[in-house]
Amino acid sequence: MELTEEKIIQAKKYNTKLYPFYKMFAWDLLFYYSIIFLFLTQNKGFTASNVLFIDSFYPFFKLVLQIRCVNIVETFGKRKSLIFGNLLISTCILVVILAKEIPAMIFSNFLMAFGYSIKSLCESSLLSDCVTDNKHPRTVFSNIDGKGSAFWFYLDAITAASCGFLYVVNNYLPMILCLVACIISCL
């Protein structure tokens, strides 16, 4: 099936309409930051120093993986790389839910760093490629990206406010909802 110029333009327009909703779920982890410390100390039995030790690996992995991620995006393309990055982050949350040992939690930080390094390379440039307005492409890009950011901030405020209540109902519920949001961003 050959893609005609018209079909490509339609796909780009569809992507620009879909992008704010994608960013709403994928920009950063929903439910996660409000509850992760309590989750790891109360449910997984880690001490505060263990949690800080585990978290110290994230920036190290981001630094080490950055050049590899550029190679991955160049090899597989932005779309496939973005899907792969979202899958890595979903897997990271699944590991956090299932992990009971420090090495598994360090591995989850590796997955998160890997996923976010790939996503940071792809998301903006993919949207930029889809903006077809010839007169004001930067304005259109800013409006679409800003709309996605606003959607995310609204949803993040709601999830942060409800996270404590959900944690009281079931300690795993906020983490499961975080995983659901990650899976939605993959789709």
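On a 1 Å grid over the protein atoms alone, a pocket is an open set of points with protein on both sides within 12 Å along at least five of seven lines, and its lining residues have an atom within 4 Å of a point. This is a predicted model, in which local features need pLDDT of at least 70 and side-chain atom pairs count only at pLDDT 80 or more, while totals for chains, interfaces and linings use all residues. Residues are numbered from 1 along each chain as its sequence is written, and side-chain values use heavy atoms, with hydrogens and water left out.

The largest pocket is lined by 20 residues, and those nearest its centre are Asn15, Leu18, Tyr22, Leu82 and Leu126. At least two lining residues come from each of helices H1 (5-26), H5 (78-98), H6 (102-130) and H8 (173-186), where a helix is a DSSP run of H or I with at least four residues, numbered from the N terminus. H1 gives the largest share of this lining, 7 residues.

H1 and H8 also pack against each other, at an angle of about 150° and with their axes 8 Å apart; axes are lines fitted to C-alpha atoms over the stretch in contact, and angles run from 0 to 180 degrees between N-to-C directions. H1 is therefore roughly antiparallel to H8, a label for angles over 145 degrees. In contact (heavy atoms within 4.5 Å), Tyr22, Phe25 and Ala26 of H1 meet Ala181, Ile184 and Ser185 of H8.

Definitions and conventions:
On a 1 Å grid over the protein atoms alone, a cavity is a set of points where a 1.4 Å probe fits but cannot get out, and a pocket is an open set with protein on both sides within 12 Å along at least five of seven lines; lining residues have an atom within 4 Å of a point. Angles under 35 degrees count as roughly parallel, over 145 as roughly antiparallel, 65 to 115 as roughly perpendicular and the rest as oblique.
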